[in-house]
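Visitor: I would like to learn how to read a structure model. Please take me through it feature by feature.

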Amino acid sequence: MITAIVMINADNGLIPETAQAVADTDGVAEVYSCAGDVDLIAIVRVRDHEQIAEVVTNRIDKVKGVARTTTHIAFKSYSSAEVEAGFSLGE
């Protein structure tokens with residue numbers, strides 16, 4: 001499974017509607033509204049890289065209210081349990 005983090009700049013008056021429409025998009029696992037440089041962050045989970053292009057450029061970018069996106073591909077995920085286990089090796 002490939003995970004992509006999509007930073008979304010949205011039209012100010014449409015952020016809640018845009019967030020829900022993005023969340024309802026096939027391939028999108030989660031959407032977060034946030035403060036800072038971007039309005040929304042979408043987590044995309046798909047089987048291959050071609051599907052990332054399909055989800056981001058053909059679906060998310062076409063959602064009403066999406067002004068701009070920036071996509072980051074995740075290489076590896078870490079959880080707090082994995083990090084703790086790494087520090088306890090040899091104990």
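Guide: What follows goes through the sheet, the helices, the salt bridges and the core in turn.

Guide: The model is predicted, so local features need pLDDT of at least 70 and side-chain atom pairs count only at pLDDT 80 or more, while totals for chains, interfaces and linings use all residues. Residues are numbered from 1 along each chain as its sequence is written, and side-chain values use heavy atoms, with hydrogens and water left out.

Visitor: In what order do the 4 strands lie in the sheet?

Guide: Strands of a sheet pair through backbone hydrogen bonds, either parallel or antiparallel. Strands here are DSSP runs of E with at least two residues, helices are runs of H or I with at least four, and both are numbered from the N terminus. Two strands pair if DSSP finds at least two bridges between them. In this model the 4 strands form an open sheet in the order S2-S3-S1-S4, with antiparallel pairing. Strand S2 (28-33) and strand S4 (66-73) are the edge strands, each pairing on one side only. Neighbouring strands are turned by 20° against each other on average, direction ignored; axes are lines fitted to C-alpha atoms, for helices over the stretch in contact, and angles run from 0 to 180 degrees between N-to-C directions.

Visitor: Over how many bridges do S1 and S3 pair?

Guide: Strand S1 (residues 2-10) and strand S3 (residues 40-46) pair over 7 bridges. Thr-3, for instance, has Arg-45 in S3 as its bridge partner. S2 and S3 pair over 5 bridges, and Glu-30 stands opposite Ile-43 in S3. S2 and S3 form a hairpin with 6 residues between them, and Gly-36 in its turn has a positive phi of about 120°.

Visitor: Which strands does helix H2 lie across?

Guide: Helix H2 (residues 49-58) lies across S1, S2, S3 and S4 and runs at about 165° to S4. For touching residues, contact means heavy atoms within 4.5 Å.

Visitor: How many salt bridges are there?

Guide: A salt bridge is a side-chain nitrogen of Lys or Arg within 4 Å of a carboxyl oxygen of Asp or Glu. By this rule the count is 2. One joins the side chains of Glu-30 and Arg-45 at 3.4 Å, N to O. That pair links distant parts of the chain, Glu-30 in strand S2 and Arg-45 in strand S3, 15 residues apart. Glu-54 and Arg-59 also meet in a salt bridge, at 3.7 Å, N to O.

Visitor: Which residues touch the most other members of the largest nonpolar core?

Guide: In soluble globular proteins, nonpolar side chains tend to be buried together. A nonpolar core is a set of buried Ala, Val, Leu, Ile, Met, Phe, Trp, Tyr and Cys residues joined through side-chain atoms within 4.5 Å. The largest one has 18 residues, of which Ile-8, Val-22, Val-28, Val-44 and Ile-60 touch the most other members. S1, H1, S3 and H2 each give two or more residues to this core, and S1 gives the most, with 5.

Technical notes
Buried means under 20% relative accessible area, exposed over 50%, partly exposed in between (1.4 Å probe, protein chains only).
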